[in-house]
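The following exercises concern a protein structure. Please study each task before reading its solution.

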Amino acid sequence: QLQAYGGGLVQPGGSLRLSCTVFGRIFSIGDMGWYRQGPGSQRDMVATITRGGRTNYADSGKGRLTIYRDDAKNTVYLQMNNLKPEDTAVYYCNAGVAETLPNMFSDFWGQGTLVTVSS
(Lines give C-alpha, C1' and ligand atoms only; values in the text may rest on other atoms or scores of the structure.)
Protein backbone atom coordinates (compact mmCIF):
# COMPACT_ATOMS: atom_id res chain seq x y z
CA GLN A 1 0.00 0.00 0.00
CA LEU A 2 2.87 2.36 0.84
CA GLN A 3 6.29 2.11 -0.79
CA ALA A 4 9.20 4.11 0.59
CA TYR A 5 12.35 4.99 -1.35
CA GLY A 6 15.52 6.96 -0.94
CA GLY A 7 17.44 5.63 2.04
CA GLY A 8 21.13 4.98 1.92
CA LEU A 9 24.55 5.82 3.30
CA VAL A 10 25.48 9.48 3.54
CA GLN A 11 28.29 11.37 5.21
CA PRO A 12 27.62 13.77 8.06
CA GLY A 13 26.48 17.09 6.65
CA GLY A 14 25.07 15.44 3.56
CA SER A 15 21.52 15.33 2.23
CA LEU A 16 18.96 12.72 1.28
CA ARG A 17 15.43 12.87 0.02
CA LEU A 18 13.02 10.14 1.02
CA SER A 19 9.82 9.54 -0.89
CA CYS A 20 6.79 7.40 -0.18
CA THR A 21 4.02 6.61 -2.64
CA VAL A 22 0.59 5.29 -1.83
CA PHE A 23 -0.58 2.52 -4.12
CA GLY A 24 -3.80 0.60 -4.48
CA ARG A 25 -7.38 1.61 -3.91
CA ILE A 26 -7.46 5.29 -3.01
CA PHE A 27 -10.44 7.55 -2.57
CA SER A 28 -8.47 10.19 -0.75
CA ILE A 29 -5.35 10.55 1.39
CA GLY A 30 -5.39 12.30 4.72
CA ASP A 31 -2.49 13.13 6.96
CA MET A 32 0.92 11.77 6.00
CA GLY A 33 4.12 11.55 7.92
CA TRP A 34 7.55 10.16 8.53
CA TYR A 35 8.70 8.31 11.62
CA ARG A 36 11.99 6.73 12.49
CA GLN A 37 13.32 3.99 14.70
CA GLY A 38 16.96 3.88 15.68
CA PRO A 39 18.81 0.87 17.09
CA GLY A 40 17.29 -0.06 20.42
CA SER A 41 14.83 2.83 20.26
CA GLN A 42 11.11 3.26 19.88
CA ARG A 43 9.53 4.63 16.74
CA ASP A 44 9.35 8.41 16.94
CA MET A 45 7.66 11.05 14.85
CA VAL A 46 9.96 12.96 12.51
CA ALA A 47 7.52 15.11 10.56
CA THR A 48 3.87 15.16 9.58
CA ILE A 49 1.79 17.02 7.04
CA THR A 50 -1.96 17.40 6.91
CA ARG A 51 -4.17 17.33 3.84
CA GLY A 52 -4.16 21.09 3.94
CA GLY A 53 -0.37 21.28 4.04
CA ARG A 54 0.14 22.08 7.70
CA THR A 55 3.44 20.66 8.88
CA ASN A 56 4.80 19.58 12.23
CA TYR A 57 8.38 18.61 13.03
CA ALA A 58 10.18 16.96 15.88
CA ASP A 59 12.55 19.39 17.55
CA SER A 60 15.56 17.36 16.37
CA GLY A 61 14.72 18.04 12.75
CA LYS A 62 13.60 21.64 12.75
CA GLY A 63 15.60 23.70 10.31
CA ARG A 64 17.12 20.64 8.66
CA LEU A 65 14.15 18.62 7.45
CA THR A 66 11.31 19.54 5.12
CA ILE A 67 8.21 17.44 4.56
CA TYR A 68 6.01 18.07 1.55
CA ARG A 69 3.48 16.18 -0.50
CA ASP A 70 2.37 15.91 -4.10
CA ASP A 71 -1.23 14.78 -4.05
CA ALA A 72 -1.28 14.32 -7.83
CA LYS A 73 1.34 11.61 -7.34
CA ASN A 74 0.01 10.30 -4.00
CA THR A 75 3.48 10.85 -2.64
CA VAL A 76 5.02 12.39 0.45
CA TYR A 77 8.65 13.48 0.59
CA LEU A 78 11.15 14.17 3.33
CA GLN A 79 14.10 16.35 2.36
CA MET A 80 16.86 15.90 4.91
CA ASN A 81 19.80 18.30 4.98
CA ASN A 82 22.84 18.61 7.23
CA LEU A 83 22.42 15.02 8.34
CA LYS A 84 23.99 13.91 11.60
CA PRO A 85 25.05 10.45 12.82
CA GLU A 86 22.16 10.53 15.28
CA ASP A 87 19.77 10.65 12.32
CA THR A 88 20.74 7.05 11.56
CA ALA A 89 17.56 4.99 11.70
CA VAL A 90 14.98 3.11 9.72
CA TYR A 91 12.52 5.66 8.39
CA TYR A 92 8.88 4.71 8.01
CA CYS A 93 6.19 6.57 6.14
CA ASN A 94 2.62 6.70 7.33
CA ALA A 95 -0.60 7.79 5.69
CA GLY A 96 -4.28 7.84 6.40
CA VAL A 97 -6.01 6.44 3.33
CA ALA A 98 -9.71 6.44 2.56
CA GLU A 99 -10.16 3.53 0.18
CA THR A 100 -13.82 3.69 -0.68
CA LEU A 101 -15.63 6.34 1.36
CA PRO A 102 -14.67 9.95 2.03
CA ASN A 103 -13.28 10.61 5.52
CA MET A 104 -13.18 6.88 6.37
CA PHE A 105 -9.45 6.75 6.82
CA SER A 106 -7.37 3.71 7.70
CA ASP A 107 -3.80 3.93 8.90
CA PHE A 108 -1.10 2.46 6.67
CA TRP A 109 2.66 2.12 7.09
CA GLY A 110 5.44 1.69 4.58
CA GLN A 111 8.07 -0.98 4.87
CA GLY A 112 10.84 1.30 6.11
CA THR A 113 13.99 2.55 4.47
CA LEU A 114 17.37 2.62 6.20
CA VAL A 115 19.28 5.87 6.49
CA THR A 116 22.85 5.60 7.72
CA VAL A 117 24.85 8.72 8.45
CA SER A 118 28.50 7.89 8.83
CA SER A 119 31.92 8.93 7.61
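**Exercise 1. Determine how many disulfides a search of the whole structure finds, and which residues are joined.**

Step 1. Cys20 and Cys93 are its partners, with an S to S distance of 2.0 Å.

Step 2. Cys20 belongs to strand β3 and Cys93 to strand β9, so the bond ties together parts that are 73 residues apart in sequence. Strands are DSSP runs (E, at least two residues), numbered from the N terminus.

Step 3. The torsion about the S-S bond of Cys20 and Cys93 is about 55 degrees; the disulfide is therefore right-handed.

The model is predicted: local features need pLDDT of at least 70 and side-chain atom pairs count only at pLDDT 80 or more, while totals for chains, interfaces and linings use all residues. Residues are numbered from 1 along each chain as its sequence is written, and side-chain values use heavy atoms, with hydrogens and water left out.

**Exercise 2. State whether Cys20 and Cys93 are buried or exposed.**

Step 1. Apply the cut-offs: buried means under 20% relative accessible area, exposed over 50%, and partly exposed in between (1.4 Å probe, protein chains only).

Step 2. Cys20 has 0% relative accessibility and therefore counts as buried. Cys93, with a relative accessible area of 0%, is buried too.

**Exercise 3. Give the strand order of the open sheet of four strands, and identify the edge strands.**

Step 1. The order is β1-β3-β8-β7, with antiparallel pairing. Two strands pair if DSSP finds at least two bridges between them.

Step 2. The edge strands, β1 (2–5) and β7, each pair on one side only.

Step 3. From one strand to the next, the twist averages 15 degrees; axes are lines fitted to C-alpha atoms, and angles run from 0 to 180 degrees between N-to-C directions.

Step 4. Four bridges link β1 to β3 (residues 16–22). Cys20 is the bridge partner of Ala4.

**Exercise 4. Describe the side chains of β7 and its pairing with β8.**

Step 1. Six bridges pair β7 with β8 (residues 75–80) in the antiparallel sense, and Leu65 stands opposite Met80.

Step 2. These two strands form a hairpin with four residues between them, and Asn74 in the turn has a positive phi of about 55 degrees.

Key
A disulfide is a pair of cysteine sulfur atoms within 2.5 Å.
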